[in-house]
Protein chains: 2
Amino acid sequence: MRHATTDSAEETMDAFAAVYTTYGSYISVLLGEHGDPVFRAKMRKIAEPVVIKRFNISSENETEAALKTEYVISAALGTIVRWFEFDMPISTRKLAELIIGFTKHGIL
Amino acid sequence: MRHATTDSAEETMDAFAAVYTTYGSYISVLLGEHGDPVFRAKMRKIAEPVVIKRFNISSENETEAALKTEYVISAALGTIVRWFEFDMPISTRKLAELIIGFTKHGIL
């Protein structure tokens, strides 16, 4: 994997990871297979402005910016839920690095 | 955006886009805010082996490979649903290119 350098996007993920350490079991159930799609939509709404700012998503092309934002949020939420279902096999910091690395540089 | 070259990952997305053109309204409702998380889980299970093969996700590190696979599937499903909610403002082919570009090379 590529390691992301420390930056504001990583700080945001770290903050989220900290919340997740406390509330992760609730969040994962609500986001998971037997969860609540309305909760998922609320999480998305909260994450949206943060992702746009932290990943510096420009609005030169509104459609592409919106789809890019969705891509980032969906990827992050899905990966975090899966990580939790796996019983958190890596640290929150490493998870954050992984997600940010994929998001910034791709999975290849 | 970066344009992905034509390859097997793109063919897979194209095939998915073709299915989506026919069944998109059903799929989007089932995957969306008022949808069915069990359907989402089923879609994920179907997509998993395809994504692993098409994006050539190696299993040298099992945890990372599983999280990477989840990242790709969640990102793609979320973006496709959003695109549908936006009334498909770009073609399925362009959507496929966009998602594959983000996945392979990142959003930056």
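Colleague: Which rotation, and what shift along its axis, superposes chain B on chain A?

Modeller: Copies are superposed by least squares on the C-alpha atoms of residues with pLDDT of at least 70 in both. Here a rotation of 180° with 0.0 Å of shift along its axis places chain B on chain A, at an RMSD of 0.0 Å. The two copies are thus related as by a two-fold rotation axis. Please note that this is a predicted model, in which local features need pLDDT of at least 70 and side-chain atom pairs count only at pLDDT 80 or more, while totals for chains, interfaces and linings use all residues. Residues are numbered from 1 along each chain as its sequence is written, chains are lettered from A and ligands numbered from 1 in the order in which they are written, and side-chain values use heavy atoms, with hydrogens and water left out.

Colleague: How many residues does each chain bring to the contact?

Modeller: Contact means heavy atoms within 4.5 Å. Chain B gives 40 residues and chain A gives 40 residues. The copies meet through the same surface, because 100% of the interface residues of chain B are also interface residues in chain A.

Colleague: What area is buried between chain B and chain A?

Modeller: The size of an interface is often given as the accessible area lost when the parts come together. Buried area is that loss for two parts, summed over both and found with a 1.4 Å probe. For chain B and chain A the value is about 3,500 Å², with 68% given by carbon and sulfur atoms. In chain B, the residues that lose the most area to chain A are B:Leu67, B:Tyr71 and B:Ile107, together 22% of what that side buries.

Colleague: How many salt bridges are there between chain B and chain A?

Modeller: A salt bridge is a side-chain nitrogen of Lys or Arg within 4 Å of a carboxyl oxygen of Asp or Glu. The count between the two chains is two. A:Arg82 forms a salt bridge with B:Glu70, their closest N and O atoms being 3.3 Å apart.

Colleague: Is A:Leu95 buried or exposed?

Modeller: Buried means under 20% relative accessible area, exposed over 50%, and partly exposed in between (1.4 Å probe, protein chains only). A:Leu95 has a relative accessible area of 4% and is therefore buried.

Colleague: Which residues does A:Leu95 touch, not counting residues up to four places away in sequence?

Modeller: A:Leu95 touches A:Thr79, A:Ile80, A:Trp83 and A:Ile90, and also B:Leu67. B:Leu67 is one of the three residues of chain B that lose the most area to chain A.
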